[in-house]
Amino acid sequence: MGGPLRVGAIVKYATEEQRERYLMPVVRGERACCFSITEEDAGSDVRRMTTTATPDGDTYVLNGKKVFSSAAPFADFAIVVARMAGTEEAYSAFLVDLDTPGCTVLDGEVPMSGQQMEGDLVFEDCRIPAANLLGEIGQGLRIGIGRITLNRLLHCPSLIGAARRAWDLSVQYAMNRVVFGQPLLAHQAIHHKIAEMATEIYAARAMVMTTAAKADRGDNVSVEANMCKLFTSEASFRVADQAVQIHGKAGLTRGHEVEQIFRSLRMFRIVTGTTEIHKNAIAKGLI
Ligand SMILES: Cc1cc2nc3c(=O)[nH]c(=O)nc-3n(C[C@H](O)[C@H](O)[C@H](O)COP(=O)(O)OP(=O)(O)OC[C@H]3O[C@@H](n4cnc5c(N)ncnc54)[C@H](O)[C@@H]3O)c2cc1C
């Protein structure tokens, strides 16, 4: 969560110095980075953010609080989107070393998956060099949302992998679990579930491979990336739900792998943009 996935889409906005000092070390796995746009009262509606950046000589002074930044507890720096002080609609993106005086990283809430890797960032008169402005003043949302859009596509393979694992576990379980004198897998209703799950996985994979190939060619995939994340997160969650159903009480037991996958996949209908926001973005991009 703190690796190359975080920086690929922003390389084009970075200066030579920013590339060498911040982005390439992440690509090489030497530094970790988090991305911080969400605030307590500004999630889907990011324009409600209240964290401000005030120009002061050759620095910017940040004040405010970001929440739910994945990888913050172990990141070296953050890409922070803040409102330019005194403006209604000008947002900018900054590279912020997390050991800068005035910047505190707090443990975030523990999400449903139980795997806590989120943190909150508090900025109290946190002064950063003007050279750490990413792109231009006012480009912050374009940079942030462009990064999230590509990220939406790049999360999909992990979701498909988790769904595949749930499918494999379900087939194994259904072969070995005996009910009414036969393996569970001998029942046609279970065949149908296994077939539906495999079909959802195949469809998601086909969409993601097609879109990734377009992205590799340099095409704009903003609509398709939202379609991929929308379909893949919903489909892989349906697969996980069927896997829990096939496993019966075992699938509901805390610590069972299928139960863990179910909780993790549930999060991705919200994380990196909710299902509803993907639909808004797809319609906006098409109409
Ligand atoms: C585990 C985890 C990791 C995260 N990692 C990061 C991170 O690294 N960096 C970061 O900045 N943020 C991160 N987030 C925040 C995440 O991106 C937000 O939670 C998400 O954008 C939704 O915002 P919200 O939770 O405030 O919900 P809200 O925006 O309050 O939405 C609540 C509900 O209302 C719906 N809704 C909102 N607007 C509309 C609309 N116009 N039409 C229809 N329905 C709507 C939503 O779809 C949702 O169902 C993370 C969150 C979690 C849980």
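The buried residues of helix 1 are covered by elements that include strand 1 (33–36), strand 4 (77–84), strand 5 (91–97) and strand 8 (133–134). The model is predicted; local features need pLDDT of at least 70, side-chain atom pairs count only at pLDDT 80 or more, and totals for chains, interfaces and linings use all residues. Residues are numbered from 1 along each chain as its sequence is written, and side-chain values use heavy atoms, with hydrogens and water left out.

Helix 1 spans residues 16–27, and its buried residues are Q18, Y22, L23, P25 and V26. Buried denotes under 20% relative accessible area (1.4 Å probe, protein chains only). Viewed down the helix axis, these residues fall within an arc of 160°, so they line one face of helix 1. The arc is taken over the directions from the helix axis to the C-beta atoms. Helices (H or I, at least four residues) and strands (E, at least two) are DSSP runs, numbered from the N terminus. G29 follows helix 1 and has a positive phi, near 75°.

Strand 5 contains F94. F94 is buried, at a relative accessible area of 0%. Leaving aside residues up to four places away in sequence, F94 touches A53, Y60, L62, A78, I79, V80, A82, M84, I128, N132, L133 and L134. Contact here means heavy atoms within 4.5 Å. F94 and A53 are 41 residues apart along the chain, and their C-alpha atoms are separated by 9.2 Å.

An unreviewed UniProt entry lists residues 34–126 as "domain: Acyl-CoA oxidase/dehydrogenase middle". Such annotations may be inferred rather than shown by experiment. Over residues 34–126 the chain is 53% strand and 0% helix. The end C-alpha atoms of this stretch lie 17 Å apart.

The ligand has 18 residues around it, of which T38, S44, F68, T274 and E276 come nearest. A residue counts as near if one of its heavy atoms lies within 4 Å. A polar side-chain atom of T38 lies 2.6 Å from a nitrogen atom of the ligand. A polar backbone atom of F68 is 2.9 Å from a ligand nitrogen atom. For S70, a backbone N or O atom lies 2.8 Å from an oxygen atom of the ligand. On its own the ligand has 970 Å² of accessible area (Shrake-Rupley method, 1.4 Å probe), and the protein covers 64% of this area. Strand 1, strand 3 (59–70) and helix 6 (275–286) each give two or more residues to the shell around the ligand.

S236 lies in helix 4 (residues 222–247). S236 counts as buried because its relative accessibility is 4%. Beyond residues up to four places away in sequence, S236 touches L159, A163 and L265.

Notes:
Buried < 20%, exposed > 50% of the residue type's maximum accessible area, 1.4 Å probe, protein only. Polar contact = N/O pair within 3.5 Å; in protein donor to acceptor, adjacent residues only side chain to side chain.
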